[in-house]
Amino acid sequence: MGNEQVEQAGHGWQVDGRCTNCDVARQLAPGLIGEAGGRSVVLRQPRDATETGRLHAAAHACPTRSVRPPGGRLDAARDPFPLPLDDTVRLCGHNSPHTAGANSYLLHRPDGTSMMVDTPRWSPALATRYEALGRVTDVLLTHRDHAAHGRRYADRFHARLWIHEGDLDAAPDADRVLRGTEPAEVADGVLALPFPGHTRGSVLYLADDRYCFSGDSFYWSRTTADLEVADSVTWFSVRELAASLTRAAGRLRFEWLLPGHGDRRRLPHEEMTARLRQLAVRTGELRPRSVDFGAVRW
């Protein structure tokens, strides 16, 4: 089905043909934006101010600026980012086409500082907005696919840039290089857990026994209503990913799953642990396959 053949609701909000089907808009405006013909489409027009706000969030996060309001021009005054998910974590929005549209986050610390996990699109104005919420001490890269803009944000914030040695060629000027597979302390309450699989140098960042920033290692799927791995987009080794999950299952304690791609989810930590163990078993049964972006179960 060509882009011009995808029907959308009404003549107000639309998703244009630049959409790359990254799922970001569908995460932010569920029920209003869905998937058809290998791209996002507007399912229906908003019915109230709350729904209109969700569409504005989707528009300001979309990496290709494909979500368009009536009249076609985005209203900067309706930009909700960085968007609080709770009192500790904010979603940065303004996803970058240079990170395949990955989500990024601000993690606020008790001393008033913040850490950035992966990066939004680069913009001095956005950097000013993020650092106004607290001095950013560290930029934590989960893996090579999300390394774009890391150095620019770290330099702007006078922050340390982190990456694992397995993906070091994507950020060779990193200030802190993680090694091996053992956990490493980033700061009080924040751990880096090397997690090879999606890439050789993939890393989870864990904070306060509440938050897991999983990069592209695993995510919450709306389709299956469960934790999933994107085995059809595994660049290094699905067997290594299964091994990483097996090592971590039962050891990790968190409530919030905050991935780079795929949906976010908050569950009691006991349920997260049980689902992670089940995911490790399922992933261990997978076999390597050709890369197929269209096979991801969002």
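Modeller: Let us begin with contact, which means heavy atoms within 4.5 Å. The model is predicted, so that local features need pLDDT of at least 70 and side-chain atom pairs count only at pLDDT 80 or more, while totals for chains, interfaces and linings use all residues. Residues are numbered from 1 along each chain as its sequence is written, and side-chain values use heavy atoms, with hydrogens and water left out.

Biologist: Which residues is Glu228 in contact with, leaving aside its neighbours within four places in sequence?

Modeller: They are Phe218, Tyr219, Ser221, Leu279, Arg282 and Arg297. Glu228 itself belongs to strand β17; helices (H or I, at least four residues) and strands (E, at least two) are DSSP runs, numbered from the N terminus.

Biologist: Is Glu228 buried or exposed?

Modeller: Buried means under 20% relative accessible area, exposed over 50%, and partly exposed in between, with a 1.4 Å probe and protein chains only. Glu228 counts as buried because its relative accessible area is 6%.

Biologist: Which side chains make a polar contact with the side chain of Glu228?

Modeller: A polar contact is a pair of N or O atoms within 3.5 Å; within protein, one must be able to donate a hydrogen and the other to accept it, and residues adjacent in sequence count only if both atoms are side-chain atoms. The side chain of Glu228 has such a contact with that of Thr224 at 2.8 Å, and another with that of Arg297 at 2.9 Å.

Biologist: Where is the place of Trp235?

Modeller: Trp235 sits in the loop between β17 (226-228) and α5 (238-248). Trp235 is classed as partly exposed because its relative accessibility is 46%. Beyond its neighbours within four places in sequence, Trp235 touches Asp145, His198, Thr199, Val291 and Phe293. With Asp145 there is also a polar contact between the side chains, at 3.4 Å.

Biologist: How many residues does the largest nonpolar core have?

Modeller: A nonpolar core is a set of buried Ala, Val, Leu, Ile, Met, Phe, Trp, Tyr and Cys residues joined through side-chain atoms within 4.5 Å. Here the largest one has 38 residues, and Val67, Val186, Tyr205 and Phe213 have the most contacts inside it. Helix α2 (residues 49-61) gives the largest share of this core, five residues. Apart from that core lies another of 21 residues, including Val229 and Leu267.

Biologist: What volume does the largest pocket have?

Modeller: On a 1 Å grid over the protein atoms alone, a cavity is a set of points where a 1.4 Å probe fits but cannot get out, and a pocket is an open set with protein on both sides within 12 Å along at least five of seven lines; lining residues have an atom within 4 Å of a point. Grid points are joined across faces, edges and corners, and a volume is the space filled by probe spheres set on the points. The largest pocket has about 420 Å³. Its lining comprises 18 residues, with Ala100, Val233, His261, Phe293 and Trp298 closest to the centre.

Biologist: How many cavities of 30 Å³ or more does the structure hold?

Modeller: There is one. The largest cavity contains about 90 Å³ of space. Among the 14 residues that line it, Cys19, Cys22, Ala25, Ser40 and Cys62 lie nearest its centre.
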